[in-house]
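Let's take a walk through this fold, from its helices to its rings and its open space. Keep the viewer open as you read.

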Amino acid sequence: MIVNNERLAIRELIAEDKFLMAKWLSDPEVLQFYEGRDRPLDLAQVEEDFYGEAEEETRCLILYEEQPIGYVQFYPVGEEERRIYGYMDPSEILFGMDQFIGEPTYWNKGIGTQLVELIVTYLLNEKNADRIVMDPQTWNERAVRCYEKCGFKKVKLLPKHEWHEGEYRDCWLIEYSKE
């Protein structure tokens, strides 16, 4: 277990999780917010995207009351992303994170907020992060509200930053700073 609280537990992905990941990442309801409905992932694609080599990326399953409900990953932000985002101080410890709740019955219950708070605390305390960044698409207002509730602030607009459902979409660069 990487981190947990009373109801949530975060553990690294294991081989058996690939079936859940393929289920979630082929569900149009989930894909509307993560990856895009025009990009469902089958088992082979899940294995390639989530089980292949990824330098310093930690890929995890989210359990809520011991039930698997989603995915979270976190990673030190690399040089190219730092440049795009405008973080030039190489001594600053900067982490990125991405997540989704793959079981829509668990949406709108405050679990996403609990998850983000748990991971932020872990990254600050265990990985000594100075800042944590994400880049949600601007139209995903539910996600942006969740992140703002957790202390993230909008830093800048990233125009046409992410390919989603046939077009490049605008994203917000948001950050949580330990200061």
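Helices here are DSSP runs of H or I with at least four residues, strands are runs of E with at least two, and both are numbered from the N terminus. This is a predicted model, so local features need pLDDT of at least 70 and side-chain atom pairs count only at pLDDT 80 or more, while totals for chains, interfaces and linings use all residues. Residues are numbered from 1 along each chain as its sequence is written, and side-chain values use heavy atoms, with hydrogens and water left out.

Start in helix H5, which holds tyrosine 122. Its relative accessibility is 14%, so tyrosine 122 is buried (buried is under 20% relative accessible area, exposed is over 50%, and partly exposed is in between, with a 1.4 Å probe and protein chains only). Leaving out neighbours within four places in sequence, tyrosine 122 is in contact with Ile2, Val3, Phe74 and Lys127, where contact means heavy atoms within 4.5 Å.

After H6 comes glycine 151, with a positive phi near 105°. Arginine 142 lies over the face of phenylalanine 33, 4.8 Å from the ring centre (a charge sits over a ring if NZ of Lys or CZ of Arg is within 6 Å of the ring centre and within 35 degrees of the ring normal).

The largest pocket has a volume of about 1000 Å³. The search uses a 1 Å grid over the protein atoms alone, and a pocket is an open set of points with protein on both sides within 12 Å along at least five of seven lines; lining residues have an atom within 4 Å of a point. Grid points are joined across faces, edges and corners, and the volume is the space filled by probe spheres set on the points. Of the 40 lining residues, Phe33, Gln99, Asn140, Ala143 and Tyr147 lie nearest the centre of the largest pocket. Helix H4 (79–85), S5, H5, H6 and S7 each supply at least two residues of this lining, and H6 gives the most, with six.

Now for the other end of the chain. The buried residues of H1 are Asp17, Lys18, Met21, Ala22 and Trp24. Down the axis of H1 they fall within an arc of 165°, so here too they line one face of the helix. Their cover includes strand S2 (8–12), helix H2 (28–31), helix H3 (43–51), strand S3 (58–64), strand S4 (67–76) and S5. Valine 46 sits in H3 and is buried at 0% relative accessible area. Among its contacts are Lys18, Met21 and Ala22.

Next, the rings. The whole structure has eleven aromatic pairs. Rings of Phe, Tyr and Trp (its six-membered ring) pair if their centres lie within 6.5 Å, and planes under 30 degrees apart count as stacked, over 60 as edge-to-face and the rest as tilted. Tryptophan 24 and phenylalanine 100 have ring centres 6.1 Å apart and planes at 85°, so the pair is edge-to-face. The pair joins distant parts of the chain, with tryptophan 24 in H1 and phenylalanine 100 in S5, 76 residues apart. Ring pairs link Trp24, Tyr34, Phe50, Tyr71 and Phe100 into a cluster.

Terms used. 1 Å grid on protein atoms, 1.4 Å probe; cavity = no way out; pocket = protein on both sides within 12 Å on 5 of 7 lines; lining within 4 Å. Arc of directions from axis to C-beta.
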